[in-house]
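Here are my notes on this model. Please read them with the structure open.

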Amino acid sequence: MSEKDKNIVCHKCNETITKRVITALGKTWHPEHFLCRHCDKQIEDATFNIQDGEPVCSDCFVERYTSTCAACKKPILERTICAMGENWHESCFVCDGACKKPLSNRPFYERDGKAYCKQDYEDMFAVRCAKCEKPITDSAIVAMNAKWHRDCFRCNRCENPITSQTFTIEGDKPVCPACTC
């Protein structure tokens with residue numbers, strides 16, 4: 001044995017290593033001393049995880065250092081999406097509406113703990129205009145116990161928008177002051 005080999009010392013037991021050596025994390029170990037910092041099981045895999053400069057076996061890494069996906073309930077080992085107080089796989093964070101499109105790089109709306117894209121949210125939950133029945137997504141006119149798009153609240157006779165505070169009702173339809181004279 002050369003003089004150089006005599007100086008190889010195990011990080012765990014501080015004994016000289018004379019046979020097989022594991023070199024990792026800038027340290028050397030006897031193979032039987034290359035252990036997980038949590039469960040003390042020997043790490044035999046070529047790949048392992050590191051926490052605070054110490055080796056961690058795959059099982060302990062999953063158990064202690066990964067989040068569980070809110071959708072599939074499996075550990076998240078890659079990019080994590082944090083939304084609505086939960087963690088998600090990027091591929092699991094999708095619209096809960098009809099489209100099921102990924103939401104990781106786009107704005108979304110939340111209702112009852114579920115995420116929706118803008119289109120599905122509006123289709124499912126937005127208030128509908130009393131005239132055109134399309135979703136109202138900005139300000140609305142409230143009149144006649146209903147909500148209307150500003151452009152849809154028109155006189156039933158002349159079809160001009162009703163912009164005044166007063167109007168009359170003929171047959172459940174609004175009529176502007178100019179047409180009631």
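The points below cover the basis of the model, a hairpin, a pocket, a histidine and a record annotation.

1. This is a predicted model: local features need pLDDT of at least 70, side-chain atom pairs count only at pLDDT 80 or more, and totals for chains, interfaces and linings use all residues. Residues are numbered from 1 along each chain as its sequence is written, and side-chain values use heavy atoms, with hydrogens and water left out.

2. Strands β7 (residues 80–83) and β8 (residues 86–89) run antiparallel, joined by four bridges. Strands are DSSP runs of E, at least two residues, numbered from the N terminus; two of them pair if DSSP finds at least two bridges between them. Cys-82 stands opposite Asn-87 in β8. Two residues lie between the strands of this hairpin, and Met-84 takes a positive phi near 55°.

3. The largest pocket holds about 160 Å³ of space. A pocket is an open set of points on a 1 Å grid over the protein atoms alone, where a 1.4 Å probe fits, with protein on both sides within 12 Å along at least five of seven lines; lining residues have an atom within 4 Å of a point. The volume is the space filled by probe spheres set on the points. Its lining includes Arg-150, Phe-153 and Phe-167.

4. Is His-149 buried or exposed? His-149 counts as buried because its relative accessibility is 17%, and buried means under 20% (1.4 Å probe, protein chains only). His-149 sits in the loop between β12 (146–148) and β13 (168–170). Beyond four places in sequence, His-149 touches Cys-129, Cys-132, Lys-134, Pro-135 and Ile-136; contact means heavy atoms within 4.5 Å.

5. UniProt, in an unreviewed entry, places "domain: LIM zinc-binding" at residues 8–67 and 127–181. Such annotations may be inferred rather than shown by experiment.

Terms used: Buried means under 20% relative accessible area, exposed over 50%, partly exposed in between (1.4 Å probe, protein chains only).
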